[in-house]
Protein chains: 2
Amino acid sequence: MRMSALSQTTGVPVATVKFYLREGLLPPGERTGVNQADYSDAHVRRLRLVRALVEVGHVRLSDVGAILSAVDDDQLAVHDLLGAVQYALAGAAERDETGWRDARAEVDDYLDRLGWRIRPDAPTRNQLADAITGLRSVVGPVPIDDLLGLHAGFARRLAGEEIASLPPADAPRAELAEAVVVGVSLYGQASAALRLLAQEDASSLRYPGPATTSAAGAAPDDRHTGSHARS
Amino acid sequence: MRMSALSQTTGVPVATVKFYLREGLLPPGERTGVNQADYSDAHVRRLRLVRALVEVGHVRLSDVGAILSAVDDDQLAVHDLLGAVQYALAGAAERDETGWRDARAEVDDYLDRLGWRIRPDAPTRNQLADAITGLRSVVGPVPIDDLLGLHAGFARRLAGEEIASLPPADAPRAELAEAVVVGVSLYGQASAALRLLAQEDASSLRYPGPATTSAAGAAPDDRHTGSHARS
């Protein structure tokens, strides 16, 4: 198909398609003339993935590039692909204070005690040390087990089911790669939204008040106007 | 205490303290001289909370202001305080496409069917519609129950325990407010990190390969250098 058809099929504006091509996030089409190229269904799929990562996953363009390189690297084992996607998302922490280094050492010990198989260089270890440092700066020196036990237990059970729902290791490479990227990145957004919604429901039960309203009759275009403070 | 002592106690540089004062995120100290003010333990606590929200929660300064206004509004019921914090974090989606509006209507219907008590104007509804739109753009028109059922079930059970661990409604206002802010915002980071770590562990079991290494001997300063691709 032509670029205009690619744009129409995916709903991605032509200018954005050209931008992704320039950035190398979308492979070039097959040249069919001086100013023409032909795009395939593979382009449609890749374009949808790139757009979802950028617009929904809020993944930085440079990180999208790293994720796609991993997806396209047929030599990468499935578990390493998951690692590559996670590590692209984790970003880099730049913490050197004593408190943070202590927290980081505790994270290593904690994960060891949990028996979780985590690479020594996983940047997610730093992410967790960031979170612990922040939590402790507010709640004080709470032991790591008390701080994280509840959440770690839930996270591990959910992750077990998430990973079990992925295709088997011998599934077609493209299918597997896409499922990993979706499961790690895009489900992060869905999980975060569901966490907040579930908290609102649980809170309305524990702290009932006149402000609690039913979901019935919600209009899709209700916008946040600070109206929760009106109630 | 003087500003220098406030800075030392909290580890927040004096320049940053002054910046927070100018931005109204920290209330002014009690004037004790032309160029001097006295700060209290309440300032220490507020400063730690602001810094944790900004540095760990990655909350925008304008949103920190909205959260603190809610914390300081004694007239706000606890459940409304939780809403205010969530809504400040949720940001604003700007989606008008048909696909998104359909997803948003499905979200309303889904939450109704789950029986979750969510305000009609909760921006978290938009967040979930964003996530669904993104997921479907990659995985196709999967029914919402199949897309979210697993995650919604876990989210609700975890939220039930999270909210149950908050102080009772008649606890001192400041204690309650801080617990809500920490529980909604800072635990979001810890949850996200634990989710990724738990996925790595589950993946190493389902997709075992030569790259899987033990956590033992991890050094706190291991940095992300793309070394997972080496393995």
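Trainee: What should I know before I start?

Mentor: This is a predicted model, where local features need pLDDT of at least 70, side-chain atom pairs count only at pLDDT 80 or more, and totals for chains, interfaces and linings use all residues. Residues are numbered from 1 along each chain as its sequence is written, chains are lettered from A and ligands numbered from 1 in the order in which they are written, and side-chain values use heavy atoms, with hydrogens and water left out.

Trainee: How many helices and strands does chain A have?

Mentor: Helices (H or I, at least four residues) and strands (E, at least two) are DSSP runs, numbered from the N terminus. Chain A has 9 helices and 2 strands, in the order α-α-β-β-α-α-α-α-α-α-α from the N terminus.

Trainee: And what percentage of chain A is buried?

Mentor: Buried means under 20% relative accessible area, exposed over 50%, and partly exposed in between (1.4 Å probe, protein chains only). Of the 231 residues of chain A, 51% are buried.

Trainee: Is A:Ser203 buried or exposed?

Mentor: Buried: A:Ser203 has a relative accessible area of 0%. You'll find A:Ser203 in helix 9 (residues 173-206) of chain A.

Trainee: Which residues are in contact with A:Ser203, leaving aside its neighbours within four places in sequence?

Mentor: Contact means heavy atoms within 4.5 Å. On that basis, A:Ser203 touches A:Pro208, B:His79, B:Leu82 and B:Ile163.

Trainee: On to salt bridges. How many are there over all chains?

Mentor: A salt bridge is a side-chain nitrogen of Lys or Arg within 4 Å of a carboxyl oxygen of Asp or Glu. The whole structure has 20 of them over all chains.

Trainee: Which residue forms a salt bridge with A:Arg195?

Mentor: B:Glu162, with the closest N and O atoms 3.6 Å apart. A:Arg195 sits in helix 9 of chain A and B:Glu162 in helix 8 (residues 144-164) of chain B, so this pair joins two chains. A:Arg195 is buried at 11% relative accessible area, and B:Glu162 is buried at 8%.

Trainee: How far apart are the closest N and O atoms of B:Arg46 and B:Asp72?

Mentor: They are 2.8 Å apart, and the two residues form a salt bridge. The pair links distant parts of the chain, 26 residues apart: B:Arg46 is in helix 3 (residues 41-56) of chain B and B:Asp72 in helix 4 (residues 61-72) of chain B. B:Arg46 is buried at 15% relative accessible area, whereas B:Asp72 is partly exposed at 47%.
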